[in-house]
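Have the sequence and the viewer ready.

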Amino acid sequence: MFSFLRIGLLALIFSASVIAGEETTHRILVSGCGLGQIAIIGPNQETEWSIPFQDEVSDAVLLPNGNILHSVKKEGIREIKPDYAAGKGAETVWQWSPPLKDGKRGETHSCQPLPGNRILTGESFDNLSVIREIDRATGDILKTVELRDLGNAHGTFRQIRKTPQGTYLITQQKNGGKAMEFDENGKLVRAFPDGRYTAVRLPNGNTLTACGDMHRLLELSPDGTIVWEVGKTDIPGITLGFVAGIQRLPNGNTVLCNWGGHGHTSGPAVLEITPDKKLVWSLTPRIQNRVSSIQILDPEVMKQQPLR
């Protein structure tokens, strides 16, 4: 009896679950800090394509042309053309390195494709964080917004996002750990109670925030009320570590990265949960819990959410 119970529990935690007779599967793009690769994992949880990459890649997105745009902590942004036929390797087709400040390079952890061939990115220096919009074709800087006194270089920006309203959602990885929203001129619109890795504006106007080492995920209404929360031990059999990359799916479920580099974690690297916090899918245990950026590549998801 014990063996059967144990097998059933492991199947729930570490495998795709069966809901109403249908198996939940995903095709995903993953990258991270300490993961050592950028990879596309297929619905059967086998690696379809990968490239070794040792630097921190906190943001990666599959573009409509099949290339992958990704951040590089110590360099800036790259667009790579994967060798899908070989299942490994890639050619760098475009690269952008931010300007030096006092002869030093900042940290780059974000890249969001925007309409009009633009890319949103940001660099962090000690006591200076810079939001930029750049031309993807030429690399020209089209817009710069400077934010000061948010903390040191490694403790501020992770993923930053431009909202449909034209504002910017930024995060502090440490130094108080708040997500904040700024207008197009860099004026503070609001500060959220938490949000250490990323904040995402949802279609309903709420904001979903990944709270890093606070081991939780929050959804907040426009007035700042917490309307949904997933805590450290709310998912049976799993302890959330550093909550990193997130994605709200069209079916209302939420995908989150359970990054374990700071400890205090158990369970798979990536989880999909329902609004009532039931686990319906997770990434195979052979992928270590160092995934911090996730993009669901299922056709029905890409159709409704082509770019993040």
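In β15, Tyr168 is the bridge partner of Lys162. That bridge belongs to the antiparallel pairing of β14 with strand β15 (residues 168-171), which runs over 2 bridges. For the terms: strands are DSSP runs of E with at least two residues, helices are runs of H or I with at least four, and both are numbered from the N terminus; two strands pair if DSSP finds at least two bridges between them. This is a predicted model, where local features need pLDDT of at least 70 and side-chain atom pairs count only at pLDDT 80 or more, while totals for chains, interfaces and linings use all residues. Residues are numbered from 1 along each chain as its sequence is written, and side-chain values use heavy atoms, with hydrogens and water left out.

Now for a hairpin. Strand β10 (residues 107-114) has 8 of its 8 residues buried (under 20% relative accessible area; exposed is over 50% and partly exposed in between, with a 1.4 Å probe and protein chains only), so β10 is largely enclosed by the rest of the structure. Its antiparallel pairing with strand β11 (residues 118-125) covers 6 bridges, and Pro113 has Ile119 in β11 as its bridge partner. The hairpin has 3 residues between the strands, and Gly116 takes a positive phi near 75 degrees there.

On to the packing. A nonpolar core here is a set of buried Ala, Val, Leu, Ile, Met, Phe, Trp, Tyr and Cys residues joined through side-chain atoms within 4.5 Å. The largest one has 36 residues, and Val270, Leu283 and Val291 have the most contacts inside it. Another core lies apart from it, with 14 residues, among them Phe53, Leu62, Ile68 and Met302.

What does Phe53 touch, leaving aside its neighbours within four places in sequence? Counting contact as heavy atoms within 4.5 Å, the list is Gly36, Gln37, Ile38, His70, Val72 and Arg78. Phe53 is found in the loop between β5 (47-52) and β6 (60-62) and is buried at a relative accessible area of 14%. Ile38 is 15 residues from Phe53 in sequence, yet their C-alpha atoms are 6.5 Å apart.

Finally, the rings. There are 3 aromatic pairs in the structure. Rings of Phe, Tyr and Trp (its six-membered ring) pair if their centres lie within 6.5 Å; planes under 30 degrees apart are stacked, over 60 edge-to-face, and the rest tilted. Two of the pairs look like this:

| Pair | Centre to centre | Angle between planes | Type |
|---|---|---|---|
| Tyr197 and Phe242 | 5.9 Å | 90 degrees | edge-to-face |
| Phe242 and Trp259 | 5.6 Å | 75 degrees | edge-to-face |

Tyr197 is in the loop between β17 and β18 (198-201) and Phe242 in strand β22 (residues 242-248), 45 residues apart. Trp259 lies in strand β23 (residues 254-259), so its pair with Phe242 ties together parts 17 residues apart in sequence. Ring pairs link Tyr197, Phe242 and Trp259 into a cluster. Tyr197 is buried at 2% relative accessible area, Phe242 at 4% and Trp259 at 9%.
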